[in-house]
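Student: I'd like to walk through this fold with you, one piece at a time. Can we start once the picture is up?

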Amino acid sequence: MRFSSSAAAAAGLLLTALPTASSLRTWQPIRELQKQIQDGIYHESTLSTRDTPAYPVYNLSVPVDHFHNDSRYAPHVNDTFPLRYWFDASAYQPGGPVILLAAGETNGTNRLPFLEKGIAARLARATNGIAVILEHRYYGESFPYNNLTTETLRFLHTDQAMADTAYFATHVVFPGLEGVDLTPNAGAPWIVYGGSYAGAFAAFLRVLYPNVFWGAISSSGVTVAIYDYWQYNEAQRLFGPQECVKTTQTLLHAADQILLAGRQTGDEDVYGDDDDAAAAADDDDIYEENPVDQIPLVGDRSAATDRVAQLKTVFGLGNITHDDDFASVLSDALGGWQETNWDPAENNPDFGYYCANVTAKTSLYPYLKDRRHTVRSLLKATSYREDVDALEQPFLNFIGWVQATHTCNTTEKTQDQCFTNRNATFFEQDDITQHWRAWSYQYCTQWGYLATGSGVPQDQLPLVSRLLDLDYLSIICRNAFGITTPPDVESVNKLGGFDISYPRLAIIDGEADPWRAATPHALGVPGADRPSTVDEPFLLIPGAVHHWDEYGLLENETTAELPPQTIRDAQANEVDFVTQWVADWNGQNLGDDDGRV
Ligand SMILES: *[C@@H]1O[C@H](CO)[C@@H](O)[C@H](O)[C@H]1NC(C)=O
Ligand SMILES: *[C@@H]1O[C@H](CO)[C@@H](O)[C@H](O)[C@H]1NC(C)=O
Ligand SMILES: *[C@@H]1O[C@H](CO)[C@@H](O)[C@H](O)[C@H]1NC(C)=O
Ligand SMILES: *[C@@H]1O[C@H](CO)[C@@H](O)[C@H](O)[C@H]1NC(C)=O
Ligand SMILES: *[C@@H]1O[C@H](CO)[C@@H](O)[C@H](O)[C@H]1NC(C)=O
Ligand SMILES: *[C@@H]1O[C@H](CO)[C@@H](O)[C@H](O)[C@H]1NC(C)=O
Ligand SMILES: *[C@@H]1O[C@H](CO)[C@@H](O)[C@H](O)[C@H]1NC(C)=O
Ligand SMILES: *[C@@H]1O[C@H](CO)[C@@H](O)[C@H](O)[C@H]1NC(C)=O
Ligand SMILES: *[C@@H]1O[C@H](CO)[C@@H](O)[C@H](O)[C@H]1NC(C)=O
Ligand SMILES: *[C@@H]1O[C@H](CO)[C@@H](O)[C@H](O)[C@H]1NC(C)=O
């Protein structure tokens with residue numbers, strides 16, 4: 001059977017044309033990183049299909065190195081580079097604030113819809129303010145140098161980027177507003193908003209630069225850096241459609257049993273040093289003691305190895321050399337959850353497609369019917385031997401889904417070239433087009449967020465393969481940057497972590513956000529039920545995923561159902577407290593005629 005039927009290939013093409021939200025990523029496979037390479041073959045298809053509103057782009061020259069006192073950045077430089085920004089002053093009236101939206105780890109143009117109709121527009125109009133989008137260094141076109149070598153990346157540190165933002169606030173003169181004093185706190189209150197990584201960024205700006213930023217809104221702000229972020233998939237597990245979740249857990253558990261048994265052949269813990277273990281094949285008592293991660297001992301060692309090959313082959317992926325590379329393909333399934341959105345135009349439907357595939361009661365891929373015997377025999381070699389009849393259909397549809405969404409043109413490439421994440425040659429590329437290097441460098445050095453399966457507690461079934469462990473997911477750190485030690489998460493967490501709080505710092509999170517576990521609203525964290533006040537708003541949006549309050553609609557796009565009431569409520573709340581903060585600033589500055597226009 002060929003790897004891709006023409007129907008599957010068509011589905012794959014369709015997928016690449018869908019909008020791709022620019023949201024915070026955990027580790028990503030090379031095949032995804034390739035899409036971020038400028039002028040790369042996939043470049044066009046990763047751009048949102050939605051029109052980007054046209055705002056003129058400006059830049060401010062800022063220092064590359066704000067910390068000549070810190071040896072981390074040696075050798076120091078006095079260079080400057082152009083930091084891009086966009087703004088909309090159409091609602092501005094004297095006394096109004098500057099609403100600065102931090103763009104975070106993406107091309108700033110991806111944030112322009114927030115200037116036109118998202119939260120920045122909403123807050124600016126409500127307060128007669130100026131809305132601004134500021135790009136983050138090393139993203140979009142705000143590059144200090146013309147390459148992304150480890151040497152020049154040394155200035156890519158969140159501390160430096162926050163210093164850029166403070167420098168921007170204290171130095172920018174907006175074209176057309178040259179006569180207006182917008183000096184932070186003296187001329188105007190500056191309120192910084194950020195979603196996701198930029199949300200943590202906004203929170204930290206308020207704490208580190210309280211005299212520059214009068215207030216801050218941290219939406220889905222990941223104020224806690226975590227190396228082994230296995231919790232990434234907890235939101236799907238707890239809030240996702242349960243039939244889909246349970247099926248995924250079962251299918252991956254079955255696959256893991258086969259892969260781990262194969263990996264551990266010869267391992268005494270699994271097979272014992274007694275060759276008679278194989279003779280126990282048909283006994284009931286053939287599992288490891290661990291009740292969840294049972295590794296069945298059906299057949300002998302070479303049978304276990306054969307089953308690994310059969311498993312890959314039944315997915316049409318028999319030529320993938322490394323088991324963890326194969327496991328990473330099976331682990332893509334629920335990743336789309338983060339990109340679900342209440343706005344249909346921003347919503348990535350992949351998650352829904354996946355769930356519809358594995359919970360379908362009928363065969364969606366009739367061409368796979370001659371693989372059912374292999375599927376059944378594989379399942380019989382796992383702890384799911386009693387459930388073979390019930391699992392055959394979901395398993396076959398899962399195979400079909402994997403093939404439809406992971407096409408590989410084998411006349412051009414080997415399967416390893418399509419799917420491996422072990423490729424030092426790829427990782428060594430460091431020219432300016434290798435955009436994937438920026439966020440990877442940030443998580444390898446500071447933030448972590450490797451979403452492993454291995455870290456999931458043993459009494460729980462993961463939604464990704466347990467073969468995804470820290471060692472595998474950190475290959476990129478070693479190969480791309482020569483980094484062999486864990487990231488310095490303390491450099492982030494010392495700024496407050498789960499407990500971060502500050503006057504006029506709002507913490508807003510989504511109940512079902514995969515990043516919630518890295519925010520002050522993380523389940524089980526002591527402060528997660530702190531009261532919400534106007535001074536320190538603390539809001540959890542019911543049912544919401546990733547910084548859903550940041551998105552908005554034009555008036556003529558609004559319907560009875562859209563935006564949903566939960567989003568309307570959150571945004572109205574933000575308007576209320578920001579209006580109060582601005583009024584408080586005006587109160588503080590009454591009589592200070594020099595500072596106002
Ligand atoms: C930055 O802005 C200046 C005008 O202030 C302009 O001359 C220059 O071309 C801009 N640089 C970039 C890289 O866009
Ligand atoms: C460098 O100076 C900044 C203040 O400008 C300070 O916050 C920081 O701690 C100093 N760093 C070191 C390594 O001394
Ligand atoms: C940067 O400027 C300072 C002050 O002018 C000077 O002392 C220092 O040598 C300069 N550093 C470099 C690397 O040029
Ligand atoms: C940023 O995105 C815009 C479209 O949204 C695109 O035209 C531009 O090439 C991108 N810039 C980079 C450096 O990728
Ligand atoms: C990268 O850019 C830096 C700064 O311009 C330069 O010194 C260095 O030689 C460049 N490295 C490569 C490999 O191009
Ligand atoms: C797998 O590798 C073999 C041997 O190189 C090759 O003949 C075959 O076409 C490959 N199959 C796929 C699906 O890539
Ligand atoms: C199955 O998944 C494919 C690929 O995502 C998708 O195109 C198709 O619509 C899905 N089928 C159903 C019934 O949702
Ligand atoms: C696969 O690659 C070959 C050679 O480049 C090309 O002719 C063919 O159209 C490709 N097939 C698909 C389905 O893209
Ligand atoms: C490794 O990456 C290089 C550069 O992208 C590519 O040419 C090569 O085919 C890749 N090899 C494998 C096995 O993926
Ligand atoms: C909605 O309003 C905007 C201006 O606010 C306009 O550009 C757009 O064409 C309108 N769309 C429709 C469908 O009327």
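Student: Which residues of E4 are buried on one side and which on the other?
Tutor: This is a predicted model, where local features need pLDDT of at least 70, side-chain atom pairs count only at pLDDT 80 or more, and totals for chains, interfaces and linings use all residues. Residues are numbered from 1 along each chain as its sequence is written, with chains lettered from A and ligands numbered from 1 in the order in which they are written. In a regular strand the side chains alternate between the two faces of the sheet. Both faces of E4 are covered, with Ile-130, Val-132 and Leu-134 buried on one side, and on the other Ala-131 and Ile-133.

Student: How many residues of strand E4 are buried?
Tutor: Strands (E, at least two residues) and helices (H or I, at least four) are DSSP runs numbered from the N terminus. A residue is buried if 20 or more other C-beta atoms lie within 10 Å of its own, exposed if 12 or fewer, and partly exposed in between, with C-beta atoms placed from the backbone. Strand E4 covers residues 130–134 and is largely enclosed by the rest of the structure, because its buried count is five of the five.

Student: In which sense does E4 pair with E3, parallel or antiparallel?
Tutor: Two strands pair if DSSP finds at least two bridges between them. With strand E2 (residues 80–88), E4 has four bridges in the antiparallel sense, and there Phe-87 stands opposite Val-132. E3 and E4 have five bridges, and their sense is parallel.

Student: What is the bridge partner of Ile-99 in E5?
Tutor: E3 pairs with E5 too, over four bridges in the parallel sense. In E5, the partner of Ile-99 is Ile-191.

Student: In what order do the strands of the open sheet run?
Tutor: Eight strands form this open sheet, and the pairing is mixed. Strand E1 (58–63) and strand E10 (538–541) stand at the edges with a single partner strand each, so one side of each has no neighbour in the sheet. Neighbouring strands are turned by 25 degrees against each other on average, direction ignored. The order is E1-E2-E4-E3-E5-E6-E9-E10.

Student: What angle does the direction of H7 make with that of E6?
Tutor: H7 packs on the sheet and touches E3, E5, E6 and E9, where contact requires C-beta atoms, placed from the backbone, within 7 Å. Axes are lines fitted to C-alpha atoms, for helices over the stretch in contact, and angles run from 0 to 180 degrees between N-to-C directions. For H7 and E6 the angle is about 155 degrees.

Student: And what about helix H22: what angle does its direction make with that of E10?
Tutor: Helix H22 (residues 565–588) packs on the sheet as well, touching E5, E6, E9 and E10. Its direction and that of E10 make about 165 degrees.

Student: How many of the twelve residues of H7 are buried?
Tutor: The buried ones include Tyr-197, Phe-201 and Arg-206. Among the elements covering them are helix H6 (158–171) and strand E9 (505–510). H7 is largely enclosed by the rest of the structure, because the buried residues number ten.

Student: Is Ala-161 buried or exposed?
Tutor: Ala-161 lies in helix H6 and touches His-136 and Arg-137, not counting residues up to four places away in sequence. Because 26 other C-beta atoms lie within 10 Å, Ala-161 is buried.

Student: Where does Pro-563 lie?
Tutor: The peptide bond from Leu-562 to Pro-563 is cis, with omega near -10 degrees. Pro-563 lies in the loop between E10 and H22.

Methods
Two residues are in contact if their C-beta atoms, placed from the backbone, lie within 7 Å.
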